[in-house]
Amino acid sequence: MALNVELLESSFAQIKVNSSKVTKQFYTVLFTDYPEVQPLFANTNMEKQRKQLFQSLVFTVNNLGKPDVLSNTLRSLGTRHAWYGVLPQHYPMVGSSLLKAFEVSLGTAWTPDVQQAWTEAYEVVAQLMLEGTDYSPERLVPIVK
Ligand code: HEM
């Protein structure tokens, strides 16, 4: 899928201006809409986490034109997420919350085209992260026991 790099870059430039507001909003939406994921962050320093999340978004947008760099980094990030206890079904929850936070931040600049560009980008990112994990049933048994 060809991502709309130009639109992703220009809209992200606006989101960057309010990065700390956006990440706060994101976790507020995530924990309000999907309280079941909150226990995953029980021992997390949320201030540090907000910064790390945003840095990974900056890295992703900066490397949209370098698929090899992006794939390697996002697959490793996905591997680590399985260690944190993140499951495939959590990815759409994070996607919806992140896009809602972007929508609030961009206001009228959140046009249908921008929404589509980010929906597609998140799908690609989540897919690459999931490629870095082994969620086969045999592997999941010890986790759910
Ligand atoms: C676009 C998708 C995502 C991105 C870019 C992202 C980014 C990050 C980054 C950069 C970290 C810091 C630690 C590291 O680099 O390994 C992190 C940690 C974490 N993420 Fe994500 N994440 C994503 C999806 C998710 C999802 C779907 C969940 C599940 C609700 C999740 C839950 C966590 C948890 C629990 C941690 C560990 C916090 C700790 O250290 O205590 N993330 N994430």
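This is a predicted model: local features need pLDDT of at least 70, side-chain atom pairs count only at pLDDT 80 or more; totals for chains, interfaces and linings use all residues.
A donor here is an N, O or S atom within 2.8 Å of the metal.

Which residue is its only protein donor? That is H81, through NE2, at 2.0 Å. H81 sits in helix α4, which covers residues 67-83.

Next, the open spaces. The largest pocket has a volume of about 970 Å³. Its lining takes in 39 residues. Five of them lie nearest the centre: L53, S56, L77, H81 and M129. Note H81 in that list. The iron donor is also among the residues nearest the centre of this pocket.

Where does the lining come from? Helices α2, α3, α4, α5 and α6 each give two or more residues. For orientation, α5 is 90-106 and α6 is 112-131. Which element gives the largest share? Helix α3 does, with 9 residues.

Now the second largest pocket. Its volume is about 160 Å³. Two helices, α5 and α6, each supply at least two of its lining residues. The largest share is 7 residues, from α5. The lining runs through Y91, P92, G95, S96, L99, K100 and E103, then T119, Y122, E123 and A126. By type, that makes 5 nonpolar, 3 polar and 3 charged.

On to the core. In soluble globular proteins, nonpolar side chains tend to be buried together. Here, the largest nonpolar core has 37 residues. Which ones make the most contacts inside it? Those are F12, L30, F102 and W118. Helices α1 to α6 each supply at least two residues of this core, with α1 being 5-17. The largest share, 9 residues, comes from α6.

Look at W118 for a moment. Leaving out residues up to four places away in sequence, W118 touches L8, S11, F12, V61, L99, F102 and W110. Two of those names, F12 and F102, were also on the list of residues with the most contacts in the core. And L99 turned up in the lining of the second largest pocket.

L128 first. It lies in helix α6. Is L128 buried or exposed? It counts as buried, because its relative accessibility is 11% and the cut-off for buried is under 20%. Beyond its neighbours within four places in sequence, L128 is in contact with S71, L74 and R75. L128 and N72 are 56 residues apart in sequence, yet 8.5 Å apart in space, C-alpha to C-alpha.

Then A13, in helix α1. Its relative accessible area is 42%, so A13 is partly exposed. A13 and Q115 are 102 residues apart in sequence and 15 Å apart in space, again C-alpha to C-alpha.

Last, E36. Where is E36 found? It is in the loop between α2 (19-33) and α3 (46-62). E36 has a relative accessible area of 48%, so it is partly exposed too. Exposed would need over 50%. From E36 to H90 is 54 residues in sequence, and 9.5 Å in space, C-alpha to C-alpha.

To recap: H81 is the only protein donor of the iron, α3 gives the largest share of the largest pocket's lining, and α6 gives the largest share of the core. Thanks.

Note on methods:
Residues are numbered from 1 along each chain as its sequence is written. Side-chain values use heavy atoms; hydrogens and water are left out. Donors are N, O and S atoms within 2.8 Å of the metal (3.2 Å for Na, K and Ca); water is not among the atoms, so sites may look incomplete. Helices (H or I, at least four residues) and strands (E, at least two) are DSSP runs, numbered from the N terminus. Buried means under 20% relative accessible area, exposed over 50%, partly exposed in between (1.4 Å probe, protein chains only). On a 1 Å grid over the protein atoms alone, a cavity is a set of points where a 1.4 Å probe fits but cannot get out, and a pocket is an open set with protein on both sides within 12 Å along at least five of seven lines; lining residues have an atom within 4 Å of a point. Grid points are joined across faces, edges and corners, and a volume is the space filled by probe spheres set on the points. Ala, Val, Leu, Ile, Met, Phe, Trp, Tyr, Cys and Pro count as nonpolar, Asp, Glu, Lys and Arg as charged, and the others, Gly among them, as polar. A nonpolar core is a set of buried Ala, Val, Leu, Ile, Met, Phe, Trp, Tyr and Cys residues joined through side-chain atoms within 4.5 Å. Contact means heavy atoms within 4.5 Å.
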